Amino acid sequence: MFTAFRDEVADALAAALAGAGYPTDDLGIEQPPPDVPAVLASSVAFRLASEAGAPPPRVASEIADAVAVGGLTYVGRVETRGPYVNFHPSEAYFDATLEAGQDGSFGRLADRGESVVVEHTSANPTGPVHVGRARNPIIGDAVANVLDFAGYDVERHYYVNDAGRQMAVFTWAYETFDESELPEPERDRAEYDMVRYYRRGTEFLENADPDEVEAAEADIAEIMQGLESGDEAAYERVGEVVDTVLAGMRECLLRLPAAFDEFVRETRFMRDGSTDEVVDRLRDRPESVYEEDAWQIELDDYGIEKNLVFLRSDGTSLYTTRDLAHHEWKFETFDRAVTVLGEDHKLQADQLRATLDLLGNDVSQLSNVIYSYVNLPEGKMSTRAGTGVDLDDLLDEATARAREEYESRAEDRLRDDDLTEVDVERIAEQVGIGAVRYDIVSKQPTKSITFRWEEALDFEAQSAPYVQYVHARCCGILDEAGEAGAVPDRLPDASTLATEEERALLLTLARFEGVVERAADELEPHRVATYTRELAEAFNAFYRECPVLRAEGDLREARLALVRASRHAVANALGLLGVAAPDSM
């Protein structure tokens, strides 16, 4: 209902301004502060004060008087507060919100008829996913979820680096060393088994006899040249390593969960000739120079001092060269392309965009979400190999800590729903992994964060468990009322819900679709996390002050409908963040 309300405000305000002879290009519509019980406000009086020759409060009063409220459905009244024009909801706004909230898809926006590819994670397949990079799949998955819920046709892609030097080194090491020369794997899963070869190979190249290293480098170069020249045997050799490692990495990512519609391989754009075609076009550009034994593109006109190297002296392409072909394919296949990247890739992203523009592409199709990395407090966790903290370690510990927290609270549970051991383990995973995801996605991506267990798993603070508990509480109320899956034939009027807490909860619920729209437009899923905390606070205030099951008649039915709408909003909002909504906690 929020978007319909906003559209009414925009139309009515524009008409009032035009009627008074004022310009309508900037309506100044914004969300009022928390102590103002309006849905929307306008600061347009500030802008018009000079033109009107009057102070902003007087201009605001003139505009408010000119707004024709009588013909509006969702706007009930217009009032001023100082220089602001405030728009308050009608009863129809509350009725429509309560009705919309009964649908399990509450908050989902209409189909926009626009396709978007979201590329995220794309970690090199050289071993287990590291905690420092965990922000990529968590943010990327949330961005894709939000865009999908906002009405876009979304595909989730993982771009597989299967053509660079790292994979050539990995393939050579896998074919060179015997398992007996390697330590025991840290886990019984493919990527943990395979990473031992990669680590052994890099160690060899750093420390072995120079003659042996020279011979190894020749083998590695042969693999890279084979990929570049289209040698099927080289593709098969590297493909065996890549497929094996990726299979394990996918299992890890599914624990988050983060799933993909397609794993797009770098070599695809070598094999189909599009990389060679990009190289030819780049070499023909006046910005192309041959310096330091490599072909480069000068990007000074874009304010980028560092040249983009696109072809080595031995004729092999680079990652970014292949990514140029990859992005031109994206532009041909989808209406928009969104890429989630770590802050250390910002220069590369700027070079890529500039070069795509030089090649004649419409780079307005491309958006990047840049994030800082996740840190852990020093000394809190370490792996047996001492090579850093793997995401699996973090998720294991999250589940174990959530179970401990749950068991410490088990005796205080008000709901007796006979949970089995399987139920408890499922809840521990939902809460523990949800706490990790929520804590990471709730922060603005550009801000570096340090993950702290005591904050992420705090049931009393603004964390995932705090919000998840609201969903479990809603489910408990509806279960006890015998209406867990029920949708009433007739809803009481929302006017039945007259307390301050009921009204505040309805107003918060109504904002959900607006939050989804803005999070999608700005590619900022942390806005949804902020909303879930506000929704949880509004529901908890309602729960404390407004008995549901002890109420009678229409009031009971209206409050049950409000609980049902809250359950749907919480579940859907958490779902956008990739966080489970437990039925019981």
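Let me begin with a definition: a residue is called buried when its relative accessible area is under 20%, and exposed when that area is over 50%. With that in hand, please keep in mind that what we are looking at is a predicted model, in which the protein chain has a mean pLDDT of 93 and 96% of its residues reach 70 or more. The stretch to treat with caution is residues 379-386, where the pLDDT is below 50, although in the model this stretch has 14 contacts beyond near neighbours in sequence.

Now to the cysteines. Cys252 has a relative accessibility of 1%, and therefore counts as buried; Cys546, with a relative accessible area of 1%, is buried too. What keeps Cys546 from forming a bond with Cys474? The closest cysteine sulfur to that of Cys546 belongs to Cys474, but because the two are 13 Å apart, they are too far from each other for a bond. A disulfide would require the two sulfur atoms to lie within 2.5 Å, and by this rule the count comes to 0 disulfides.

If you want a place to look on the structure, find Leu40, which stands opposite Phe87 in strand 4.

How values were computed. Residues numbered from 1 in each chain as written. Predicted model: local features only at pLDDT ≥ 70, side-chain atom pairs only at ≥ 80, totals over all residues. Heavy atoms only, no water. Buried < 20%, exposed > 50% of the residue type's maximum accessible area, 1.4 Å probe, protein only. Pairing = 2+ DSSP bridges. Helix = DSSP H or I, 4+ residues; strand = E, 2+ residues; numbered from the N terminus. pLDDT = per-residue confidence, 0-100. Contact = heavy atoms within 4.5 Å.
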